[in-house]
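Subject: Structure for you to look at

Hello,

Here is the structure I promised to pass on. Please open it first, then read my notes below with the model on your screen.

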Amino acid sequence: MLIECHSCEAVVDAKELCTNDAESQFITDIAVGLYQCPSCHTSLVGIKAGEESYPPKVERVWPEPKNKFHESIPTAVRKSLENAKRCYDAKVYSATAVMCGKAIEFIVSDKTNISNLFQGLKELKAKEIIDARLYEWSEALRKERNIGAHAIETEINRQDANDILDFAVAICEYVYVLTDKYNAYLSRKENSEKQST
Ligand SMILES: [Zn+2]
């Protein structure tokens with residue numbers, strides 16, 4: 001069974017030690033398995049969810065993957081964040097900033113009709129999609145992205161790249177994850193009020 005081994009940092013053909021049986025799959029709708037990496041022998045927990053893939057592959061849930069971003073974040077934004085994380089792990093800090101910039105650019109084009117990042121961020125703030133603090137962060141991020149994207153002598157260091165990545169994740173979580181949660185909370189409240197009247 002193919003699964004990503006965190007210690008080998010590779011997709012490995014792992015030995016399946018055990019899985020939950022068909023009966024419990026009926027209840028939980030997901031198949032959980034314990035796997036062992038053939039190379040380093042570490043234990044991994046994976047889930048088989050949704051459609052079967054070929055060759056069969058499971059998604060590692062433990063140890064928790066580092067590149068995991070919330071599913072409320074649109075795929076294009078998530079991809080940019082994942083790429084940013086990969087660049088960071090590979091110590092390519094200018095590319096980290098560029099990928100974070102891409103994530104923010106997508107938010108701007110998703111939430112406004114503006115293609116210019118500078119103007120778009122202002123619009124996000126004006127529409128109260130982001131607050132003043134996040135606006136400052138996103139401005140800092142935009143400037144670092146420009147340093148990363150252009151052939152100028154200033155290099156982005158590890159600490160700055162790490163901060164930019166944190167900012168980007170925070171902005172995406174604020175715009176998509178928390179907003180979704182809050183809206184779900186509001187509609188739950190509304191429904192329970194309707195039922196009680
Ligand atoms: Zn391994």
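Start with His41. At 51% relative accessibility, His41 counts as exposed, because the cut-off for that word is over 50%. His41 sits in the loop between β4 and β5. Its phi is near 65°, a positive value in a residue other than glycine. Please keep in mind that this is a predicted model.

**The zinc site**

Which residues coordinate the zinc ion? They are Cys5, Cys8, Cys37 and Cys40, each through its SG atom, at 2.2 to 2.3 Å. The donor atoms subtend angles of 104 to 112°, which makes the arrangement tetrahedral. For comparison, ideal angles for four tetrahedral donors are 109.5 degrees. Along the sequence, the donor residues follow the spacing C-x2-C-x28-C-x2-C. Cys5 belongs to strand β1 (residues 2-5), while Cys40 is in the loop between β4 (31-36) and β5, so this pair ties together parts that are 35 residues apart in sequence.

Is Cys5 buried or exposed? Cys5 is buried, at 0% relative accessibility. Cys40 is partly exposed, with a relative accessible area of 32%.

**The hairpin**

Cys5 also has a place in strand pairing. Its bridge partner in β2 is Ala10. Strands β1 and β2 (residues 10-13) pair in the antiparallel sense over four bridges. Together β1 and β2 make a hairpin, with four residues between them. Look at Glu9 in the turn: its phi is positive, at about 50°.

**The four-stranded sheet**

Next comes an open sheet of four strands. The order is β3-β4-β5-β6, and the pairing is antiparallel. β3 (15-19) and β6 (59-62) stand at the edges with a single partner strand each, so one side of each has no neighbour in the sheet. From one strand to the next, the twist averages 40°. A reminder for your notes: strands of a sheet pair through backbone hydrogen bonds.

Zoom in on β5 (residues 43-48). β5 and β6 pair in the antiparallel sense over three bridges. Val45 stands opposite Trp62 in β6. Trp62 is also joined to Pro63 by a cis peptide bond, with omega at about -10°. Pro63 lies in the loop between β6 and α2.

**The helices**

Ser80 is in helix α2 (residues 75-89). Ser80 is buried, with a relative accessible area of 7%. What does Ser80 contact, leaving aside its neighbours within four places in sequence? The answer is Met99, Lys102 and Ala103.

Glu128 is in the loop between α4 and α5. Glu128 is exposed, with a relative accessible area of 70%. Its phi is positive, at about 60°, although Glu128 is not a glycine.

Then look at α5 (residues 132-149). This helix has 18 residues and reaches 25 Å from its first C-alpha to its last, close to the 26 Å expected. Its buried residues include Leu134, Tyr135, Leu141 and Gly148. What covers the buried residues of α5 includes α3 (93-111), α4 (117-126) and α6 (158-196).

Finish with Lys143, also in α5. Lys143 counts as partly exposed, at 49% relative accessibility. Lys143 and Tyr185 are 42 residues apart along the chain, and their C-alpha atoms are separated by 36 Å.

Best wishes

Definitions and conventions
Residues are numbered from 1 along each chain as its sequence is written. This is a predicted model: local features need pLDDT of at least 70, side-chain atom pairs count only at pLDDT 80 or more; totals for chains, interfaces and linings use all residues. Side-chain values use heavy atoms; hydrogens and water are left out. Helices (H or I, at least four residues) and strands (E, at least two) are DSSP runs, numbered from the N terminus. The expected span of a helix is 1.5 Å times one less than its number of residues. Buried means under 20% relative accessible area, exposed over 50%, partly exposed in between (1.4 Å probe, protein chains only). Contact means heavy atoms within 4.5 Å. Two strands pair if DSSP finds at least two bridges between them. Axes are lines fitted to C-alpha atoms, for helices over the stretch in contact, and angles run from 0 to 180 degrees between N-to-C directions. Donors are N, O and S atoms within 2.8 Å of the metal (3.2 Å for Na, K and Ca); water is not among the atoms, so sites may look incomplete. Four donors count as tetrahedral if all angles lie between 85 and 135 degrees; four count as square planar and six as octahedral if opposite donors are over 155 degrees apart and all others between 65 and 115; anything else is irregular.
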